[in-house]
Amino acid sequence: MNKEEITQVVRDMIGAASCCGELKAAGQKWLDAVGTDAEKAAAEALLQEIREDVAPIEHVIAFFESQQGIRIFGEERAQSMAAHAREVKAQGGKWCDCPACAAGLKILDNASLLV
């Protein structure tokens with residue numbers, strides 16, 4: 001992976017419907033800082049936000065099985081998402097595989113390319 005590719009992964013992450021507002025803001029701040037003196041600080045902030053936001057699969061399961069998850073997504077959708085998360089876990093997955101989390105993990109794996 002190179003700088004151009006990691007930049008596209010950041011764009012994909014912040015464009016994902018599953019990306020929270022804080023992560024979108026950190027990703028955009030890094031994109032805006034690329035090539036400037038602010039890039040390193042923005043990269044560090046982005047990496048920290050990703051570490052805080054990428055969800056362990058156990059948390060995903062618990063959320064979609066909770067009353068809050070059911071209230072937000074509806075019972076059928078929450079059950080479907082919990083079942084999917086259990087499948088991910090059964091296949092050895094340790095992290096949420098939504099588009100935002102998957103991109104975040106890819107960014108963490110290639111963190112040295114951010115600066």
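Residues are numbered from 1 along each chain as its sequence is written, and side-chain values use heavy atoms, with hydrogens and water left out. Because the model is predicted, local features need pLDDT of at least 70 and side-chain atom pairs count only at pLDDT 80 or more, while totals for chains, interfaces and linings use all residues.

Me: What makes up the protein chain, in helices and strands?
Reply: The protein chain has 7 helices and 0 strands. Helices (H or I, at least four residues) and strands (E, at least two) are DSSP runs, numbered from the N terminus. The order of elements is α-α-α-α-α-α-α. Along the principal axes, the C-alpha atoms fill a box of roughly 45 × 25 × 20 Å.

Me: How many of the residues count as buried?
Reply: Of the 115 residues, 35% do. Buried means under 20% relative accessible area, exposed over 50%, and partly exposed in between (1.4 Å probe, protein chains only).

Me: Why are the buried residues of H1 said to line one face?
Reply: They are Ile 6, Thr 7, Val 9, Val 10, Met 13 and Ile 14. Seen down the axis of H1, they fall within an arc of 155°, so they line one face. The arc is that of the directions from the helix axis to the C-beta atoms. Glu 4 and Gly 15 are exposed, on the face turned away from the buried side.

Me: What covers the buried residues of H1?
Reply: The cover includes H2 (21-33), H3 (39-53) and H7 (99-109). Contact means heavy atoms within 4.5 Å.

Me: What makes H2 roughly antiparallel to H3?
Reply: Two packed helices are described by the angle between their axes and the distance between the axes. H2 and H3 pack at about 160°, with axes 9 Å apart. Axes are lines fitted to C-alpha atoms, for helices over the stretch in contact, and angles run from 0 to 180 degrees between N-to-C directions. Angles under 35 degrees count as roughly parallel, over 145 as roughly antiparallel, 65 to 115 as roughly perpendicular and the rest as oblique. That makes H2 roughly antiparallel to H3. Among the residues making the contact are Leu 23, Ala 26 and Trp 30 of H2, and Ala 42, Leu 46 and Ile 50 of H3.

Me: Why are H4 and H6 called roughly antiparallel?
Reply: Their axes cross at roughly 160° and come within 8 Å. H4 and H6 are therefore roughly antiparallel to each other. The contact residues include Ile 61 and Phe 64 of H4, with Met 81 and Ala 85 of H6.

Me: Is the crossing of H4 and H6 left-handed or right-handed?
Reply: The crossing of H4 and H6 is left-handed. A crossing is left-handed if the near helix is turned anticlockwise from the far one by less than a right angle, and right-handed if clockwise. H2 also passes H3 in a left-handed crossing.

Me: How do you know that the buried residues of H6 line one face?
Reply: Ala 78, Ala 82, Ala 85 and Val 88 are buried in H6. Their arc is 115° seen down the axis, so they line one face of the helix. They pack against H4 (57-65) and H5 (67-73). The face turned away carries the exposed residues Glu 76 and Ala 90.
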